[in-house]
Amino acid sequence: MLRFVDTHIHIDGEEFDADRLEVMARAREAGAAALFVPAIDLPTSRRIINLCAQHPDFLYPMVGLHPEEVRPDWREQLKEIYKLLPSSIAIGEVGLDFYWSREFENEQLEAFEEQVRWSVETRLPLMIHCRKAQNEMVAILKRYANDLPGGVFHCFTGNEIEARELLQFSRFVLGVGGVSTFKKSHLPEVLPAVVPLDRLVLETDAPYMAPVPMRGQRNESAYIPYIATLLAKSYGVSEEELGRQTTENVEKVFGIHF
C-alpha cells in the first residue's frame, strides 16, 4: 500500500471547519503517515500550533510569514512569530510572490531574508513559496547556501532550467502536488528528466489545487494517491516505491521519522 507524507496542507483553514477530523481519517486511510501544516502569518502560526498539539503524532506545525501577508507591520509580526519557533518543525510558508503586486517588494525581500537567517540560526528547514520571483529568491538563498539546513521548494511547477537552478541547493527538495496531473502540465516530462527521485516530496496545498479527477473540488490529503500514481508512472517505479522514497526524503529534510 502507498504510504506518504503530505508536506503541505492548510488543514487549519475554515474550509475544513465542518469535517476536519473526517479529512484526517480519510488521509490515514489513503496511507498518510503525517500531515505538515504551514502558517501564513502570526494568527495562523498560533492557531496551527494549538491544532497540531491536539494531534501530535499526525499533524506537524510550521510557522512563518507568507509573502502575500507581508504588510507595513511585518517586523512586529516576525518578532512574535520568532517566539513560536521552538514549537515548529520548519519555517514556513515563507518566500516571495510578485505575481499580483510588487507594492511591498522590498518588505517581502527583507522579511524573507530575515526568516532565512532564522533557518541558519535554528537549523529548522524552510518551506518556501515562490511565484514570479525565482531570480530574487535564488539570489537571497545563495548568500546563505553553505549554512542552510535545507527545506522544500513548495509547489514546483517550473521547467527543466528552473528545476536545475533549485537543485543546486543540495539539501533542498521540490514539493510536487496536484498541478502535475493537469492536462497542460509539463511536470510528468520535466521531473524525471532532471529531478532525481531522492529530491522530491509530495504535497497537496489543500484546500487548493486538487488533482485530476478531483480538479475544481476542495483538495485534501486523501487525494495524494492520484498524484503518486502519475509520478510513479513518470519515473517508472511502483507507487509503493515512490511513497517510500518521498517519505524517506521528508525524514531526511525535517529530521522526523515515521
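At a relative accessible area of 41%, Y99 is partly exposed (buried means under 20% relative accessible area, exposed over 50% and partly exposed in between, with a 1.4 Å probe and protein chains only). W100 counts as exposed, at 64% relative accessibility. The model is a predicted one, in which local features need pLDDT of at least 70 and side-chain atom pairs count only at pLDDT 80 or more, while totals for chains, interfaces and linings use all residues. Residues are numbered from 1 along each chain as its sequence is written, and side-chain values use heavy atoms, with hydrogens and water left out.

Ten aromatic pairs are present in the structure. Rings of Phe, Tyr and Trp (its six-membered ring) pair if their centres lie within 6.5 Å; planes under 30 degrees apart count as stacked, over 60 as edge-to-face and the rest as tilted. One of the pairs is that of F36 and Y60, which is edge-to-face, with 5.6 Å centre to centre and 65 degrees between the planes. F36 belongs to strand 2 (residues 32-38) and Y60 to strand 3 (residues 59-63), so this pair ties together parts that are 24 residues apart in sequence. Helices (H or I, at least four residues) and strands (E, at least two) are DSSP runs, numbered from the N terminus. F36 is buried, at 0% relative accessibility, and Y60 is buried as well, with a relative accessible area of 14%. The pair of Y99 and W100 is edge-to-face because the ring centres are 4.8 Å apart and the planes stand at 90 degrees. F36 and Y60 also belong to one aromatic cluster with F254 and F258.

Charged side chains also lie over aromatic rings. A charge sits over a ring if NZ of Lys or CZ of Arg is within 6 Å of the ring centre and within 35 degrees of the ring normal. R28 lies over the face of F58, at 3.9 Å from the ring centre. Over the ring of F182 sits the charged end of R215, 3.6 Å from the centre.

The structure holds 19 salt bridges, a salt bridge being a side-chain nitrogen of Lys or Arg within 4 Å of a carboxyl oxygen of Asp or Glu. E113 forms a salt bridge with R117 (3.8 Å, N to O). Both residues lie in helix 4 (residues 105-122), four residues apart, about one turn of the helix. E113 is buried, at 15% relative accessibility, whereas R117 is partly exposed, at 37%. E113 also forms a salt bridge with R143, with the closest N and O atoms 2.8 Å apart. This second pair links distant parts of the chain, E113 being in helix 4 and R143 in helix 5, 30 residues apart. R143 is exposed, with a relative accessible area of 53%.

In helix 9, E248 and R244 are four residues apart, or about one helical turn, and they form a salt bridge in which the closest N and O atoms are 2.8 Å apart. Both are partly exposed, E248 at 40% relative accessibility and R244 with a relative accessible area of 41%. D19, R26, R218 and E220 are linked in a network of salt bridges.

Pockets were located on a 1 Å grid over the protein atoms alone, with a 1.4 Å probe; a pocket is an open set of points with protein on both sides within 12 Å along at least five of seven lines, and lining residues have an atom within 4 Å of a point. The largest pocket has a volume of about 840 Å³, a volume being the space filled by probe spheres set on the points. Its lining comprises 34 residues, of which H129, C130, R131, H154 and C155 lie nearest the centre. Two or more lining residues come from each of helix 2 (42-54), strand 5 (126-131), helix 5 (134-144) and helix 6 (160-167). Strand 5 gives the largest share, four residues. The lining of the largest pocket divides into 15 nonpolar, nine polar and ten charged residues (Ala, Val, Leu, Ile, Met, Phe, Trp, Tyr, Cys and Pro count as nonpolar, Asp, Glu, Lys and Arg as charged, and the others, Gly among them, as polar).

The second largest pocket has a volume of about 210 Å³. Among the residues lining this pocket are P149, F172, D198, R199 and E248. Strand 7 (172-176) and helix 9 (239-254) each supply at least two lining residues, and helix 9 gives the most, with five. The lining of the second largest pocket divides into four nonpolar, three polar and five charged residues.
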